[in-house]
Each structure stands twice: as C-alpha cells, then as structure tokens.
Amino acid sequence: MNDTTTVRILDHRTPEEREREFLPGMGKPWLLPLYDVFSRFSRVRPLHERTVALADIAPGQSVLDVGCGTANLSLAVLRAQPAARVTGLDPDAAALRLAARKASRLREPLTLVQGFAERLPADDGSLDHIVSSLALHHVPDEARVRFGSEALRVLRPGGKVTIVDFGRADGAHGRSGRGHSAVAANPHTARNLEGGLLRLLADAGFTDAREVAHVEHRFGPITFVQATRD
Ligand SMILES: C[S@@+](CC[C@H](N)C(=O)[O-])C[C@H]1O[C@@H](n2cnc3c(N)ncnc32)[C@H](O)[C@@H]1O
C-alpha cells in the first residue's frame with residue numbers, strides 16, 4: 001500500500017495471467033478513451049460518492065479498489081478521505097495509465113496494480129477496506145468466487161467490503177424499474193440480480209452480507225452491498 005505522494009503502477013500478474021483475457025470497461029479496448037466522458041454523462045460519480053460514504057473510511061486506513069479502471073472510485077475515496085492509503089487494481093494497462101495521469105495531475109497519491117480480482121495484491125488480514133464499482137459483473141463466475149475468498153483473506157477482522165454494481169437483493173424493489181430488462185438480458189449483469197452479490201459474499205464466509213442501498217439508475221437497478229470480516 002502506498003505511503004508517499006507519488007503515483008505508481010505495479011505489475012502483479014503471473015506469466016499465465018499476462019495471457020488472460022478480460023472484459024474491458026467499455027466492452028472493447030478501443031473505446032477506452034471515451035470511458036470517462038461516458039461515465040460523466042451517465043452520472044456515475046454520485047454512485048462513487050455514495051459508495052465512499054457507505055464505506056466510511058477513516059484517516060490512515062488502507063483501501064483496495066477492485067476493477068478500478070480509470071480510478072474514478074479511487075479518486076472519490078481520496079477526495080472524501082485524503083489521508084486514506086488507496087490502491088487501485090485492474091487488468092487493463094491502458095486504463096491504469098489514464099488513472100495514473102489523472103492522479104498525477106490532481107497530485108493524489110495512488111498506487112495502481114495491474115492484476116485480477118481473483119488474486120488480490122495484499123497480505124492476509126492487511127486491509128481495512130475493499131471497494132469496487134461496476135466491476136464485478138466483468139469478472140467470470142469462477143473468478144468471482146475466488147474474489148470472495150480473497151476479500152475475506154486480505155481484510156483484517158472488522159475490515160469492510162463495499163460493492164456497487166448493477167443488481168438487486170432478493171425480492172426487493174420489484175422487477176419493473178427502468179433498465180431492469182436490459183440488466184436481466186445481459187448475462188454479465190444478470191448474475192447480480194436476485195441477490196447474486198449477497199450470495200457471492202455469504203458463500204465466501206462473510207456472515208453479515210447485506211444490501212445497504214439501492215438506486216434505480218437510468219441504465220438499470222444498482223445495488224450497494226456491504227459485508228464485514230468477522
Ligand atoms: C465498467 S469498468 C468500472 C471501472 C471503475 N470501477 C468505475 O467505476 O469507473 C469495469 C472494470 O473492470 C475491469 N475488469 C475486468 N475484468 C476484471 C477482473 N477479472 N478483475 C478485476 N477487474 C476486472 C475492467 O478492466 C474495467 O476497468
């Protein structure tokens with residue numbers, strides 16, 4: 001985790017992971033330059049700010065942003081809690097370069113790590129928070145399961161995981177909201193419906209996984225899920 005005011009990019013990938021494909025932020029690598037414009041237009045920033053408020057990060061605490069992309073959630077953490085120690089993790093080198101450029105311009109200290117959600121770059125029990133925004137629906141099924149176990153491994157007792165993504169908790173809020181059918185029709189996001197993210201965390205061994213907020217976004221139902229390491 002970073003202790004300085006510098007921005008750096010580290011490579012956490014194994015040789016096998018260097019060959020691994022992933023689903024980039026905009027679906028196609030060549031669309032990445034549009035990511036931040038699209039994110040601003042789509043009003044994703046309030047989702048990041050809500051996630052950070054729910055995480056309630058204290059000065060000096062360590063935070064890992066899983067699937068950080070261009071680091072908009074990481075930077076929202078630093079805006080709300082400048083004394084946090086934030087690391088962003090993503091397999092997309094080009095997104096991490098954009099993230100580094102933004103963090104440098106803003107003079108925000110940020111460590112960026114190239115790697116995958118299924119193998120987190122942290123020692124056992126070493127982190128206060130894991131946060132993740134709109135990323136877990138990009139992660140394949142088996143890798144999501146490994147992410148759950150990894151989250152439990154790297155959080156200290158009392159550490160929290162706070163996730164925002166397309167989805168909803170079981171039976172809550174009906175099924176007719178704007179964008180619900182698009183989310184249900186997309187196999188990536190459909191896994192998060194009917195409490196998919198809650199099950200993911202519960203199956204990993206988090207005993208208190210719960211939906212802590214929900215919004216109907218123009219692109220579909222958005223769930224905020226949180227759990228604490230016993
Ligand atoms: C829609 S973007 C979200 C980016 C950022 N969190 C945000 O809120 O703007 C999804 C991100 O997940 C990343 N991703 C895809 N597969 C991943 C994996 N296996 N592990 C971690 N991140 C992954 C993509 O590279 C992309 O940056």
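Student: Ala204 is found in helix H9. Where does that label H9 come from?

Tutor: It's a DSSP run: helices are H or I runs of at least four residues, strands are E runs of at least two, and both are numbered from the N terminus. Bear in mind that this is a predicted model, where local features need pLDDT of at least 70, side-chain atom pairs count only at pLDDT 80 or more, and totals for chains, interfaces and linings use all residues. Residues are numbered from 1 along each chain as its sequence is written.

Student: Why is Ala204 called buried?

Tutor: Count C-beta atoms, placed from the backbone, within 10 Å of the residue's own: 20 or more others is buried, 12 or fewer exposed, and in between partly exposed. Ala204 has 20 other C-beta atoms within 10 Å, so it counts as buried. Other buried residues of H9 include Gly196, Leu197, Leu198, Leu200 and Leu201.

Student: What covers the buried residues of H9?

Tutor: The cover includes helix H6, strand E6 (155-166), strand E7 (210-217) and strand E8 (220-228). Ala204 itself touches Gly148, Ser149, Ala151 and Leu152, leaving aside residues up to four places away in sequence; touching here means C-beta atoms, placed from the backbone, within 7 Å.

Student: What makes H6 oblique to H9?

Tutor: Two packed helices are described by the angle between their axes and the distance between the axes. The axes are lines fitted to C-alpha atoms over the stretch in contact, with angles from 0 to 180 degrees between N-to-C directions. For H6 (residues 141-154) and H9 (residues 196-204), the axes come within 8 Å and cross at roughly 55°. That angle makes the pair oblique, since under 35 degrees is roughly parallel, over 145 roughly antiparallel, 65 to 115 roughly perpendicular and the rest oblique.

Student: Why is helix H4 called mostly covered?

Tutor: In H4 (residues 72-80), 7 of its 9 residues are buried; they are Asn72, Leu73, Ser74, Leu75, Ala76, Val77 and Leu78.

Student: What makes Arg43 exposed?

Tutor: Arg43 has 11 other C-beta atoms within 10 Å, so it falls in the exposed class. Arg43 lies in the loop between helix H2 (35-41) and helix H3 (45-55), and its phi is near 55°, a positive value in a residue other than glycine.

Student: And what makes Glu194 partly exposed?

Tutor: Glu194 has 16 C-beta neighbours inside 10 Å, so it lands in the in-between class. Its place is in the loop between helix H8 (187-190) and H9. Phi of Glu194 is also positive, near 50°, and the residue is not a glycine.

Student: Why is Leu106 called partly exposed, and why is Ala58 called exposed?

Tutor: Leu106, in the loop between helix H5 (93-105) and strand E4 (110-114), has 13 other C-beta atoms within 10 Å, so it is partly exposed. Ala58, in the loop between H3 and strand E2 (62-66), has 11 within 10 Å, so it is exposed.

Notes
Contact = placed C-beta atoms within 7 Å.
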